[in-house]
Structure formats: C-alpha cells, structure tokens
Amino acid sequence: SIYTILRDEPGVLAGFISSLHSLNANILTVNQSIPVDSVASVTISLRLTEDTQDVMTIKNILSKLKGVVELKIISGE
C-alpha cells in the first residue's frame, strides 16, 4: 500500500495512476480524502507481480511526479 499527499490540480491523480500502470502495478483500491488547503491524501493498495518494478524503484519514480507532495510505502516493504 502507498500513502501519498497529492496537490489538488487537474490530472495529478490520473498521472499518478497512469505511472503505476506503466510500472506494471495492479491497483486494487484507491481511497482519497476531500482536499484541504489544495492537497488531498490518497491511499492506494497494489498487487505486485514478478513483472512489476521493485518497491524502492516505484517509490523513487512516483515521488518525482508533478503534484506529489509526500509519498510513503505503508506496507509491503
């Protein structure tokens, strides 16, 4: 599972999810809070396979995306 804080801007969540797809991560759930002060917390549960990038690579790639304020791996490390 990934916990992230994303900017409340058009396309940020879509870009984040698209990046997960390109890393071959299977998204199981997406839970987003209501934005406060132009940011929203999002928790995404994933299923990783042998074709998926390793967790640290995923974290590094996602952390650099436009609109990502904070990112933590909360399970599966």
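Trainee: From where are residues numbered, and which pLDDT do local features need?

Mentor: Residues are numbered from 1 along each chain as its sequence is written, and side-chain values use heavy atoms, with hydrogens and water left out. In this predicted model totals for chains, interfaces and linings use all residues, side-chain atom pairs count only at pLDDT 80 or more, and local features need a pLDDT of at least 70.

Trainee: What is the order of the strands in the open sheet?

Mentor: Strands (E, at least two residues) and helices (H or I, at least four) are DSSP runs, numbered from the N terminus. Two strands pair if DSSP finds at least two bridges between them. The sheet has four strands with antiparallel pairing, in the order β2-β3-β1-β4.

Trainee: Which strands are at the edges?

Mentor: An edge strand here pairs on one side only. The twist from one strand to the next averages 20°. The edge strands are β2 (26-32) and β4.

Trainee: At what angle to β1 does α1 run?

Mentor: Helix α1 packs on the sheet and touches β1, β2, β3 and β4. Axes are lines fitted to C-alpha atoms, for helices over the stretch in contact, and angles run from 0 to 180 degrees between N-to-C directions. The direction of α1 makes with that of β1 an angle of about 145°.

Trainee: What lies between β2 and β3, and which residue in the turn has a positive phi?

Mentor: Six bridges join β2 to β3, which run antiparallel, and N26 stands opposite R47 in β3. The two strands form a hairpin with six residues between them. The turn residue with a positive phi, about 55°, is D37.

Trainee: Is D37 buried or exposed?

Mentor: D37 is found in the loop between β2 and β3, and has its positive phi although it is not a glycine. Buried means under 20% relative accessible area, exposed over 50%, and partly exposed in between (1.4 Å probe, protein chains only). With a relative accessible area of 74%, D37 is exposed.

Trainee: Where does N24 lie, and what is its phi?

Mentor: N24 counts as partly exposed, at 43% relative accessibility. The loop between α1 and β2 holds N24. Although N24 is not a glycine, its phi is positive, at about 65°.

Trainee: Why are the buried residues of α2 on the same side of the helix?

Mentor: In α2 (residues 55-63) the buried residues are V55, I58 and L62. The arc is that of the directions from the helix axis to the C-beta atoms. The three are on the same side of α2 because they cover an arc of only 60°.

Trainee: What covers the buried residues of α2?

Mentor: Helix α2 lies across β1 and β4, running at about 170° to β4. Contact means heavy atoms within 4.5 Å. The cover includes β1 (2-7), α1 (12-22) and β4 (68-73).

Trainee: Which residue caps the N-terminal end of α2?

Mentor: A polar contact is a pair of N or O atoms within 3.5 Å; within protein, one must be able to donate a hydrogen and the other to accept it, and residues adjacent in sequence count only if both atoms are side-chain atoms. A side-chain oxygen of the capping residue lies 3.2 Å from the backbone nitrogen of M56. The cap is D54.

Trainee: How far from the side chain of T4 is the backbone oxygen of E70?

Mentor: T4 has its place in strand β1 and is buried, with a relative accessible area of 1%. Leaving aside neighbours within four places in sequence, T4 is in contact with residues including F16, V42 and E70. From a polar atom of the T4 side chain to the backbone oxygen of E70 is 2.7 Å.

Trainee: Which side chains meet in a salt bridge?

Mentor: A salt bridge is a side-chain nitrogen of Lys or Arg within 4 Å of a carboxyl oxygen of Asp or Glu, and a search of the whole structure finds one. At 3.3 Å, N to O, the side chains that meet are those of K72 and E70.
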